[in-house]
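Work through the exercises below with the sequence and the structure side by side. Try each task before reading its solution.

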Amino acid sequence: MDTAKVAAITGQWLGWIPDMAPLDVVPIPRINRRIVAQFLAIQFLRTLDTREIVSALVEHDRGSTLTEDEAREHHTELMWNEDQVELIARHLRRSVWIFGRNTSATPFVTSDNPIAFRTGDNRRWLRAGFLSGGTYLVYPMSPGVVLYCHPPVGKFRALRKFADSVSPVAFTDELVESENSGQVFMASRFLISNRPEFGTERAFAATIGTDTYAPR
């Protein structure tokens, strides 16, 4: 993965989007989509969270606990498995990409595990099973821009006409905080923000593992 190419591509997007109007289309050549989709796939696979999931599956299969070295080895094998990387990257390439622009007073935050997946009804964040159903990717690219990758299935088929566009949705502080909750949910170690305020994020973190936001 050539991170310099990814930085050049996403840097262009971040330079253009603040000056674009809602529904303006961001130019994304096929090769650029391929490069960024692969980057997003690897960003997900490289995390501690993925290592723990892989370790749990291997331990369940063999009936014994992995050592740290074994866990690292299995995780490395997954990241170097071109078929697995391509499976996720292809799913993302075929998705409908939409850019959300945030002009609210609350910035998007990111984390050590920035690739978040949300169910189509927006009720839950997922760490596994993200290739099924209407689950979509949420990736904060900067304090002011977020990338959504919606699979073109079910109700999301209607989003095809907005492919590669700047979303017409006006972000409120509450909407941004909702997206930020995904970073809190996915984080293994830390959050990153352009301001030293994490009160809302700390409050949400305290609810993880409870039924506070469970459907009634």
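**Exercise 1.** How much space lies in the second largest pocket?

*Solution.* This is a predicted model, in which local features need pLDDT of at least 70 and side-chain atom pairs count only at pLDDT 80 or more, while totals for chains, interfaces and linings use all residues. Residues are numbered from 1 along each chain as its sequence is written, and side-chain values use heavy atoms, with hydrogens and water left out. A pocket is an open set of points on a 1 Å grid over the protein atoms alone where a 1.4 Å probe fits, with protein on both sides within 12 Å along at least five of seven lines. The second largest pocket holds about 390 Å³ of space, a volume being the space filled by probe spheres set on the points.

**Exercise 2.** Determine how α1 and α2 are arranged.

*Solution.* Helix α1 (residues 3–16) packs on α2 at an angle of about 110°, with the axes 10 Å apart. The two helices are therefore roughly perpendicular, a term that covers angles of 65 to 115 degrees. Their contact (heavy atoms within 4.5 Å) joins Lys5, Val6, Ile9 and Trp13 of α1 to Asn32, Ile35, Val36 and Phe39 of α2. These residues divide into six nonpolar, one polar and one charged.

**Exercise 3.** Determine how α2 and α5 are arranged.

*Solution.* Helix α2 (residues 30–45) and helix α5 (residues 82–93) pack at about 125°, with their axes 8 Å apart. That angle makes α2 oblique to α5, and α2 passes α5 in a right-handed crossing. Among the contact residues are Arg33, Arg34 and Ala37 of α2 and Val85, Glu86 and Ile88 of α5. The residues of this contact divide into ten nonpolar, one polar and four charged.

Technical notes: Axes fitted to C-alpha atoms, helices over the stretch in contact; angles between N-to-C directions. Helix = DSSP H or I, 4+ residues; strand = E, 2+ residues; numbered from the N terminus. Parallel < 35°, antiparallel > 145°, perpendicular 65-115°, else oblique. Left-handed = near helix turned anticlockwise from the far one by under 90°. Nonpolar A, V, L, I, M, F, W, Y, C, P; charged D, E, K, R; others polar. 1 Å grid on protein atoms, 1.4 Å probe; cavity = no way out; pocket = protein on both sides within 12 Å on 5 of 7 lines; lining within 4 Å.
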